[in-house]
Amino acid sequence: MKFLRDALDKVKPHFEKGGKWEKFYYIYEAHDTLLFAPNHTTKPKGAQIRDAIDMKRMMMTVIIAMIPCLLFGIYNVGYQHFLAIGQPDAGLLDMIIVGAIQVLPVVVVSYAVGLGVEFAFSVIRQHPINEGFLVTGMLIPLVMPPDIPLWQVALATIFAVIIAKEAFGGTGMNVLNVALTARAFLYFAYPSQISGNVWTYIGADNQALDGFTGATPLALGATTVETGEKVVTSLASYGEGWADGLYSFSNMFFGFMPGCIGETSTLMCLIGAIILIITGVGSWKVIVSVFAGAYGMGWLLNLLAVNEYMAMPAHYHLVIGGLAFGAVYMATDPVTAAQTETGKWIYGLLIGMLTVVIRVFNPAYPEGIMLAILLMNVFAPLIDHYIVIANKKRRLQRATV
């Protein structure tokens, strides 16, 4: 790495004050601090901090935690492709190649466009590059369908970075989760490209099997409200003859089913959760409370069982849709989540409960986790406010006594 350090030091004078590329200093600074830990030291007086973990290193930890979902997503996109066209015995390498061809361009477009916007804002406003997009650039592809047009990924990324982050002042100031804002933008601007039969990549030169519909477990659950068929029976019968057991509970837990690129596997999300919790980057209270809220609401609706979707066993809500991915990577966003310890429990529980309520009572928006997290992002400051007020009252009462 010494040659890289020397190269950066050699060009540094050109970016410093008075240099010919002075206005692009923050682009240089972003690359320098991304590749090497900054050598800043605190002054002799004041608080002394000795830690190599800065914002960029923390963001890299989150990206590492998402790698299991990305790698499994690449494989699963290829696996679902060959399953849909009637070639389930295709080789592992073929599945990975097909998946990589579909997934990697989405990742490249997300990072290229998003960082381009970040660089433009840093030059115009003359402020350091916001590190937050290192994570957002990976989150956006993982919540997209595998067959989404790249220009829509670019458009959604630009919209999310400008409206959800830069308009509020950049990383640390945004109210809404940036990646979910991109997903929501596409959901409402181009509903036909982010719903329906878009969760399995077929390819223009291939023909799907007879009987293939591309319906997700959430869509099948929503249809049982009208058909009256039990959800578990509907899930078990889907894919008979060409993909037996596609929507069995274990298969959905492992993630071998159609869906967003990185959201299908609950197991991979839990591996990511362990990494985030061990490194202290993600809040286990938020993760646990989201799952608990979803299970509790699913259990309550199962008791009422006014229709078959409500009667679905509560534990199925934990493995279908993007609940696990949202709980681990979206709800734990340290900027948009609640900050108080009690507030984290309330924030997570409400996300889980709202996710199931939106799924069951509004079939037009079967993926409730997206709207639930965005809604709770807005209310997170209010939750913290009342938690702090309550703490003050308790302390004042003790002081009076």
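## Salt bridges around Glu341

Glu341 forms a salt bridge with Lys344, with 3.3 Å between the closest N and O atoms. The two residues are three positions apart in helix H14, about one turn of the helix. This is a predicted model, and every value in this report is computed from it.

Glu341 also meets the side chain of Lys285 in a salt bridge, at 2.7 Å from N to O. Lys285 lies in helix H12 and Glu341 in helix H14, so this pair ties together parts that are 56 residues apart in sequence. The cut-off for a buried residue is under 20% relative accessible area. Lys285 is buried because its relative accessible area is 18%, and Lys344 is buried with a value of 15%. Glu341 is partly exposed, at 40%.

## The Arg183–Glu263 pair

The structure holds four salt bridges. One of them joins the side chains of Arg183 and Glu263, at 3.6 Å from N to O. This pair links distant parts of the chain: Arg183 is in helix H7 (residues 178-189), Glu263 is in the loop between H10 and H11, and 80 residues separate them. Arg183 and Glu263 are both buried.

## Overall fold

The chain contains 15 helices and zero strands. For 401 residues, a compact globule would have a radius of gyration near 21 Å; the value for the chain is 23 Å, which agrees. The C-alpha trace spans about 70 × 70 × 35 Å along its principal axes.

Of the 401 residues, 50% count as buried. Among contacts with a separation of 6 or more, 71% are between residues 24 or more positions apart. The chain exposes about 19200 Å², and carbon and sulfur atoms supply 66% of that area.

Helix H12 covers residues 284-304; at 1.5 Å a residue its 21 residues should span 30 Å, and the end C-alpha atoms are 30 Å apart, which agrees. The buried residues of H12 include Lys285, Val286, Ile287, Val290, Phe291, Met297 and Leu301. Gly293, Ala294 and Gly298 are also among the buried residues of this helix. The buried residues of H12 pack against helix H11 (266-278), helix H13 (323-330) and helix H14 (341-361).

Ala305 follows H12 and is found in the loop between H12 and H13. Most residues other than glycine have a negative phi. Ala305 has a positive phi of about 50° although it is not a glycine. This residue, Ala305, is partly exposed, with a relative accessible area of 34%.

## Helix H8

In helix H8 (residues 217-227), the buried residues are Pro217, Leu218, Leu220, Gly221, Ala222 and Thr224. They pack against helix H9 (231-237), helix H10 (249-254) and H14. H14 is also among the packing partners of the buried residues of H12. H8 is followed by Gly228, whose phi is positive, near 80°.

Phe36 sits in the loop between helix H2 (25-35) and helix H3 (55-84). Phe36 is buried, with a relative accessible area of 16%. Leaving aside residues up to four places away in sequence, Phe36 touches Met1, Leu4, Arg5, Leu8 and Arg57. Phe36 and Lys56 are 20 residues apart in sequence, and their C-alpha atoms are 10.0 Å apart in space.

Thr136 belongs to helix H5 (residues 133-142). Thr136 is buried, with a relative accessible area of 9%. With residues up to four places away in sequence again left out, Thr136 touches Ser110, Val178 and Ala179.

## Nonpolar surface patch

Phe168, Met173, Val175, Leu375, Val378, Phe379, Leu382, Tyr386 and Ile389 form a nonpolar patch on the surface. Together these residues have about 800 Å² of accessible area. Phe379, one of the patch residues, is located in helix H15 (residues 368-400). Phe379 is partly exposed, with a relative accessible area of 39%.

Note on methods: Residues numbered from 1 in each chain as written. Heavy atoms only, no water. Patch = residues over 30% accessible without salt bridge, like charges linked within 9 Å, V, L, I, M, F, W, Y side chains within 5 Å. Areas by Shrake-Rupley, 256 points an atom, 1.4 Å probe, with all protein chains shown as cover. Helix = DSSP H or I, 4+ residues; strand = E, 2+ residues; numbered from the N terminus. Buried < 20%, exposed > 50% of the residue type's maximum accessible area, 1.4 Å probe, protein only. Contact = heavy atoms within 4.5 Å. Expected span 1.5 Å × (residues − 1). Rg over C-alpha atoms; globule rule 2.2 N^0.38 Å.
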